[in-house]
Amino acid sequence: MTAYTAKRLPRQTAAAGWNAILPPQAPLPVLEQDLTADVTIIGGGFAGLSAARRLHQLDPSLKVAVLEAGRVAEGSAGRNSGFMIDLPHDLSSDNYAGSGLEADRAAIAFNRKAIEFAKGVAEDCALPQEIFDPAGKINAAATRAGDRHNRDFAAHLDRLGEPHRLLSRQEIQDRTGSPHYTSGLYAPGTVMIQPAGYIRALSAHLAGQISIYENTPATGFEKQGNGWVVSTPKGRIRTGRIILACNGHLESFGFYQRRLMHICLYASMTKRLTPEQITRLGGDARWSVTPADPAGTSVRRISGSYGDRILIRTCASFHPTIETSPMRLHNAGWVHDRKFKERFPHLGDVRMEHRWAGMLCLSRNGSAAFGELDQGVYAACCQNGLGIARGTLQGMGAAELLLQGGSDTASHFLAQPLPPELPPEPFASLGANTYLMWKEWRSGKE
């Protein structure tokens with residue numbers, strides 16, 4: 001009998017700040033009995049919920065069950081920094097450009113397809129601008145190398161025919177209130193999302209159409225007859241087909257062994273800024289900055305019903321165990337405080353309120369872990385650092401592959417080569433963490 005058992009279950013380090021600043025959420029049920037479903041989705045993040053929505057769009061009569069290991073919006077989806085990016089965003093490059101014009105044009109088209117899908121979610125859920133904001137973003141430079149990266153990327157965007165605008169030091173300071181940056185490159189197509197708010201709203205909307213269970217980890221699944229039985233701590237689901245939308249935890253079930261890189265990123269968010277601090281900061285009420293060097297520091301200023309706050313995200317570490325430690329989070333927090341002071345020296349009295357860690361999944365060649373892995377078992381995993389756009393897109397593609405046998409979206413991911421194997425341990429961890437530290441050191445003031 002074919003069976004797959006989870007070697008580990010998701011474990012989070014600290015509460016997700018995006019979720020913590022929202023009002024208390026209404027609980028979704030825990031699976032406590034056996035049931036049947038046409039499709040069972042393991043993972044309730046961007047990929048899993050997008051797959052569920054797309055399945056319901058294609059066949060509203062389908063019985064769909066979604067299993068989320070923890071609270072909805074408290075997992076990796078709620079730990080995302082909220083950039084739904086349309087342009088090329090290759091984290092392994094110096095300036096985000098991909099492998100060529102045609103490849104980048106294709107990536108942009110698919111990213112915008114995901115954004116259109118998310119816009120439909122925003123409309124159906126009546127999301128306010130503080131949750132779903134098509135505001136664009138800025139690549140901000142703080143060094144000569146960063147200025148050069150921005151100019152190189154701008155030239156690449158010119159060749160692609162994509163709109164953008166280079167910002168002077170004064171223009172970027174006027175927008176952000178920070179004297180730290182020397183130049184910027186504004187691109188209008190990025191949508192800025194409050195990730196926990198988006199996931200909460202989508203799960204609540206879908207709960208009226210399908211079955212969603214939280215605090216219900218899938219501990220394994222086995223073949224029975226023409227279908228599968230998915231096991232959880234308190235109940236089982238007899239199901240025809242399965243979509244694994246659990247990103248790096250795909251490897252926990254035995255798939256893509258030693259082919260996925262589990263990277264942890266760290267974030268800190270300030271307390272609510274006081275009116276006096278807001279005046280002292282200046283700039284726009286909402287803005288978003290990615291570093292000109294991909295290994296640098298991302299910054300967001302948010303405002304709305306949850307207060308006026310600033311988020312800092314930097315530091316990365318490699319973890320084959322798919323979890324980090326409180327000590328690493330503490331050390332990253334020290335770096336965040338230093339980066340905050342560098343960018344906002346006039347806000348010396350502002351303190352952090354929330355710090356958290358979140359896992360992302362990369363492959364060495366940028367390929368997804370996507371497609372049919374066993375009869376009736378599909379994967380929509382490994383988003384390579386673009387969890388919102390790629391996760392949404394892979395969820396859509398997996399649903400279309402399952403019900404229609406394929407689509408342009410599914411074909412895009414199926415055409416990608418297999419992610420290559422990683423070196424054996426401890427060489428993989430030593431090499432990856434050394435490389436990440438070097439990249440961060442090289443990014444300097446970025």
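This is a predicted model: local features need pLDDT of at least 70, side-chain atom pairs count only at pLDDT 80 or more; totals for chains, interfaces and linings use all residues.
Which residue in β18 is the bridge partner of Ala 267?

1. The bridge partner of Ala 267 in β18 is Trp 356. This pair belongs to the antiparallel pairing of strand β14 (residues 261-270) with β18, which are joined by ten bridges.

2. β14 and β18 lie in an open sheet of eight strands with mixed pairing, ordered β7-β8-β6-β15-β16-β17-β14-β18. Its edges are formed by β7 (165-167) and β18 (352-362), each of which pairs on one side only. On average, neighbouring strands of the sheet are turned by 25° against each other, direction ignored.

3. Two helices that pack on this sheet deserve mention. Helix α5 (residues 169-176) touches β6 (137-141), β7, β8 (183-187) and β15 (287-291), and its direction makes about 90° with that of β7. Helix α8 (residues 326-343) touches β14, β16 (298-302), β17 (309-318) and β18, with its direction at about 135° to that of β17.

4. Strand β11 (residues 220-224) runs antiparallel to β1 (residues 3-5), to which three bridges join it; here Tyr 4 has Phe 221 as its bridge partner. β11 is also antiparallel to β12 (residues 227-231), through five bridges, with Lys 223 partnered by Trp 228. Two residues separate the strands of the β11-β12 hairpin, in which Gly 225 takes a positive phi near 65°.

5. Helices α2 (residues 46-58) and α3 (residues 101-124) pack at about 80°, their axes 12 Å apart; α2 is therefore roughly perpendicular to α3. Ser 50, Arg 53, Arg 54 and Gln 57 of α2 meet Phe 117, Gly 120, Val 121 and Asp 124 of α3. The residues of this contact comprise two nonpolar, three polar and three charged.

Conventions: Residues are numbered from 1 along each chain as its sequence is written. Side-chain values use heavy atoms; hydrogens and water are left out. Axes are lines fitted to C-alpha atoms, for helices over the stretch in contact, and angles run from 0 to 180 degrees between N-to-C directions. Helices (H or I, at least four residues) and strands (E, at least two) are DSSP runs, numbered from the N terminus. Angles under 35 degrees count as roughly parallel, over 145 as roughly antiparallel, 65 to 115 as roughly perpendicular and the rest as oblique. Contact means heavy atoms within 4.5 Å. Ala, Val, Leu, Ile, Met, Phe, Trp, Tyr, Cys and Pro count as nonpolar, Asp, Glu, Lys and Arg as charged, and the others, Gly among them, as polar. Two strands pair if DSSP finds at least two bridges between them.
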